[in-house]
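Here is a friendly walk through one structure, with a few stops along the way. Please keep the viewer open as you read.

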Amino acid sequence: MNERDTLKINAKGTLEIGGMDTVEIAKKFSTPVYVYDEQHIRNMMRLYKDTINEYYGGNGLVLYASKAFSCKAIYRIAQQENIGIDAVSGGELYTAINAGFNPSKICLHGNNKLKHELELALDNGVGIIVVDSHSEVDLLDQLASSRGIKQDVLIRVNPGIEAHTHAFVQTARTDSKFGFSIHDGTAEKMVLHLMNKRNLNLKGFHCHIGSQIFEKEPFVLATEKMIAFIADLKTKYGFETNTLNMGGGFGIWYTDEDSKLSFDDYREYLRSIIDVINNKTEKLHLKKPYLLIEPGRSIVGEAGITLYTVGAIKDIEGIKKYVAVDGGMFESPRYALYQSKYTAILANRANEPCTEKVTIAGKCCESGDIIAADVALPLAKSGDIIAVFSTGAYHYSMASNYNRNFIPPVVLVGNGTAEYIVKPQSYEDIVRNDAVPERLKWKQN
Ligand SMILES: *Cc1c(COP(=O)(O)O)cnc(C)c1O
């Protein structure tokens with residue numbers, strides 16, 4: 001079996017994920033449902049970890065960027081695989097800590113961290129906080145001081161490389177709400193500012209240049225910029241950088257417009273970063289920094305699929321055919337946000353040839369509530385099971401109760417079993433936090 005065969009069509013002509021029949025999963029757990037292949041997640045975590053071990057002497061740590069998919073079970077898997085995690089909110093932090101995750105391997109991000117989020121991090125001994133504003137630095141120093149601790153921090157730096165999908169740009173002036181720019185000197189000023197903070201320990205720098213990136217070049221350029229910055233600080237101030245965090249952003253396959261990367265391709269991305277660090281630090285006589293990387297999408301994206309049941313079908317003669325399913329933008333928000341493209345199949349008739357192009361629509365009261373546009377499918381009937389691929393990242397984590405629909409449950413397939421890792425919601429959950437003030441209560445007469 002190919003190392004990346006998360007999905008397979010069996011002899012019955014139905015789709016399997018991680019060796020389990022998706023039609024059976026749909027029957028047992030109902031639809032819509034998110035389904036993840038545990039082994040694929042573990043394989044992705046391992047390949048990044050192994051690459052750091054092999055090419056960088058183990059002098060680093062993989063941090064799973066958990067905003068891609070956050071729930072207790074994923075933090076347990078990350079812990080078992082001996083990697084760290086990124087959190088970007090008190091909620092993610094709380095979930096990880098509540099799941100028993102080792103706080104020293106947590107890295108906290110955010111361009112506007114709230115006081116209670118910083119307090120939660122400090123009170124639980126979070127390993128690294130990546131600072132991203134002056135006000136945050138001052139507040140964090142004060143909070144650390146009142147607790148009598150010295151907190152390790154990185155500065156979020158903007159290296160002037162912005163990458164997205166198949167294009168990237170180098171700019172001296174970056175319009176971003178994230179980070180301090182190297183080019184305009186604000187990053188350097190922040191270093192000096194932090195050196196004077198008694199309760200903060202500046203360990204190094206972080207950058208994250210974008211997401212869904214398929215080229216090596218932007219990573220190489222960003223690493224070069226970061227090392228040049230590190231060298232400059234050493235020359236000018238004798239500042240020794242201990243840690244370099246190069247962010248995430250490795251791309252995944254959604255449709256055949258994207259490359260389908262092999263495990264070796266992902267190793268190569270990371271190696272291209274490591275090669276730059278190794279070469280440049282030797283040339284410039286710098287200490288090799290402890291390397292952090294933060295893949296999110298590439299760890300969970302292709303490991304997850306969403307299963308739906310086909311309901312209403314509307315054929316608008318000469319224009320379009322809509323196949324409506326029991327999900328929608330409340331659980332699959334990326335089309336509404338970015339017109340993202342997806343590949344879908346009929347999971348119960350996976351071998352049948354595609355005969356038409358349809359638009360898979362959701363059930364929300366919005367005409368933009370589309371799950372996937374222009375998808376080739378066999379003739380779909382009400383009751384068919386549709387599987388949409390590569391929905392493991394930024395789907396469940398971005399889901400809402402819009403239109404008071406249920407956020408679908410999440411099922412993890414592994415070890416020959418399929419089990420809930422996020423349970424289904426009920427109508428009781430939907431109204432749980434609603435409050436009715438006394439003056440709005442019904443007066444019975
Ligand atoms: C979103 C994010 C990541 C993960 O990006 P992916 O494209 O999912 O790999 C990593 N680091 C930071 C700071 C991020 O904001």
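## The ligand and its contacts

How far from an oxygen atom of the ligand does a backbone N or O atom of R297 lie? The distance is 2.7 Å in this predicted model. Taken alone, the ligand exposes 390 Å², and the protein buries 93% of that.

At G296, a backbone N or O atom is 2.9 Å from a ligand oxygen atom. K67 takes part through its side chain instead, with an N or O atom 2.7 Å from an oxygen atom of the ligand.

## The surroundings of the ligand

## Helix α4 and its cover

Next, please turn to helix α4, which spans residues 90-98. Its buried residues are G90, E92, L93, T95 and A96.

Just after α4 comes G100, whose phi is positive, at about 90°.

## T22 in helix α1

Our last stop is T22, part of helix α1 (residues 22-29). Is T22 buried or exposed? T22 counts as buried because its relative accessibility is 0%, below the 20% cut-off.

Leaving aside residues up to four places away in sequence, T22 touches L15, E16 and I17, as well as I305, L307 and A347.

Methods: Residues numbered from 1 in each chain as written. Predicted model: local features only at pLDDT ≥ 70, side-chain atom pairs only at ≥ 80, totals over all residues. Heavy atoms only, no water. Buried < 20%, exposed > 50% of the residue type's maximum accessible area, 1.4 Å probe, protein only. Helix = DSSP H or I, 4+ residues; strand = E, 2+ residues; numbered from the N terminus. Polar contact = N/O pair within 3.5 Å; in protein donor to acceptor, adjacent residues only side chain to side chain. Areas by Shrake-Rupley, 256 points an atom, 1.4 Å probe, with all protein chains shown as cover. Contact = heavy atoms within 4.5 Å.
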